[in-house]
Amino acid sequence: MTHHLKLPQDCTSKEQDERRREVKQARREYKFDHSWDGYPPSIKSVPIREMPPKGVLKLVESGVKLEASKLEQWFNHVMDKIEHIDRKEKPFAPYTALYEKKTLPPIAKNDRWQLDAVFALQRLTGMYPWFIRRVDDLAALQKDFPVTDEMLEGVLPRNTTLADLQAAELLYVVSQPSLDGAPPSHDHVMTAPTTLFYVTTLGQLMPLAIQLYPKTSDTNPIFTPNDDPNTWLAVKIHAACADTLVHSIYSHAILMHFVMCNAWTAANRTLPPEHPIHAFLKPHFWSTLFVTSAVKASMAKKKGAQCEVYGTGLAGQNVMVGRLYESFDFREYNPHVDFARRGVDDAATLPEFFYRDDALKLWQADRAYVEEMMGLFYKQDEDVANDFELQAWMKEMASPKRAGIRGLPVNDAGQIETRAQLQELLTSILFTVTSRHSSIENGALEYLYVPANPFLYRLNPPTEAGVEIGRRKVAKKLPPIKQAIQGYALIATANFNPKKFGLLGRYEADFMAGAPAGVEDIVAKWNTALQQIDQEIDARNEKLETPYTGVKPTKTFNSIWN
Ligand SMILES: [Fe+2]
């Protein structure tokens, strides 16, 4: 039996010519758009062969853009529900009316989101497990964030100083300096907060202090749980809002959608369909270019859905993305690298970081899967080095004139040399377009209660310590109901059941058709590993008050398509 899927060096010269022709044709369809300054490139237009089936197309479109008539309907429904609410008594209740019983995130119940522990937990297992880092140099942090032990009297454990906590590796921080000075939109008050956390003796993360702008000054006080409770709550909302903005726009749209699309676009421009890597990746990019072009449209202009509701608007988004993308590094798609760089890789000092624990298991399963699948084709390192189509893909990915991806696993000459490098590359892509991307929607369903994670906040924070803000005002400065619906809908209506639309590990019958024998067994083995992880997550969650299902395999899609 002849194998259609094979490496180019194993092809006849006639086959090589045919493959060249295919790639040349693809280059006419898959083109990069470099017109956005400071952003990674994006796909110019979606090739026909990347379009999803019609039914899916409609669903995706309604997810990205909520039709005006539906919005109006939803808005009226919410307004009816909140008509008789006493806003003095229950200032946040109008936002609860956005949800139905089934969709109300658990953190909304009994105002749990307002608790310090729940606020902290969201930086670990909520929507944003990607920001928190360990404080290794307290003195350096204090230069621009002069928090002292005195300020934290009664908050810090007895006879414990900040220095003690740092020495024990129990001090952590989340900061969003990329928002500093970014022009706001829709009356949003742009802050660029730093939040300091510590891990209690029970292993729970708790907030210690928040400073809303990066540089210390007389008008930039440090807030702590010792402040008036409403003031502290308002400051926490600002910190959560900053995380929401950076997460939605940079972590989600740019790091997941844009960069991964560029890897796939580059693959199509260099690897013919008969290349095993092309065949391997294809189902993991199902509808991705299409949906990403819709995301791009929502970010591209002032009237884009995202720009219309987020406090960053277009101008603020440009500033933030430009700053963050400057330090982009592909290596961080490997969760081991990501956690080690942030100093959050030690379960002994940071125990409740379930995203880390689950992600590392999935990485291991994915890597073993990639290793076996690619092992069908690459028997030794030379096979990787001699694969000139693969080398062309690497070049296309790295070139600033093409995908412009920095940090790829290549040597100084830009070449990929070993099977280990290839595994690293493909596992990074596989893990990102499946588990990591799906964790966003999954996290949102659990945690996207608008007051807890708003995408704009119109409250002017106090410029001096000790100021009391009325509770009503804290709530009133959240997004207007209409905008809150729009923002929530951007995520909520893009939520579908993965079992119906491509569950992680499930393929069509023609997956890797024309490969040497063994594909089915390798896929089955991966699925067994995924199932095992799924069960372990269930068992762990049974013991938790707030279960973590962000990267649970049975809640994960096989590609980025929402
Ligand atoms: Fe997405």
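Colleague: In which order do the strands of the open sheet stand?

Modeller: Strands of a sheet pair through backbone hydrogen bonds, either parallel or antiparallel. Here the open sheet has five strands in the order S3-S4-S5-S6-S7, with antiparallel pairing. Strand S3 (133–134) and strand S7 (222–223) are the edges; each has a single partner strand, so one side of each lacks a neighbour in the sheet. The model is a predicted one, in which local features need pLDDT of at least 70 and side-chain atom pairs count only at pLDDT 80 or more, while totals for chains, interfaces and linings use all residues. Residues are numbered from 1 along each chain as its sequence is written, and side-chain values use heavy atoms, without hydrogens and water.

Colleague: What counts as a strand, and when do two strands pair?

Modeller: Strands (E, at least two residues) and helices (H or I, at least four) are DSSP runs numbered from the N terminus; two strands pair if DSSP finds at least two bridges between them. Strands S5 (residues 194–199) and S6 (residues 205–211) pair over six bridges in the antiparallel sense. Tyr198 has Met206 of S6 as its bridge partner.

Colleague: Which strands does H8 touch?

Modeller: H8 packs on the sheet and touches strand S4 (171–175), S5, S6 and S7, contact meaning heavy atoms within 4.5 Å. The direction of H8 makes about 95° with that of S6.

Colleague: How is the packing of H8 and H16 described?

Modeller: Two packed helices are described by the angle between their axes and the distance between the axes. Axes are lines fitted to C-alpha atoms, for helices over the stretch in contact, and angles between N-to-C directions run from 0 to 180 degrees. H8 (residues 229–270) and H16 (residues 388–398) pack at about 140°, with axes 9 Å apart. That makes H8 oblique to H16 (under 35 degrees is roughly parallel, over 145 roughly antiparallel, 65 to 115 roughly perpendicular, the rest oblique).
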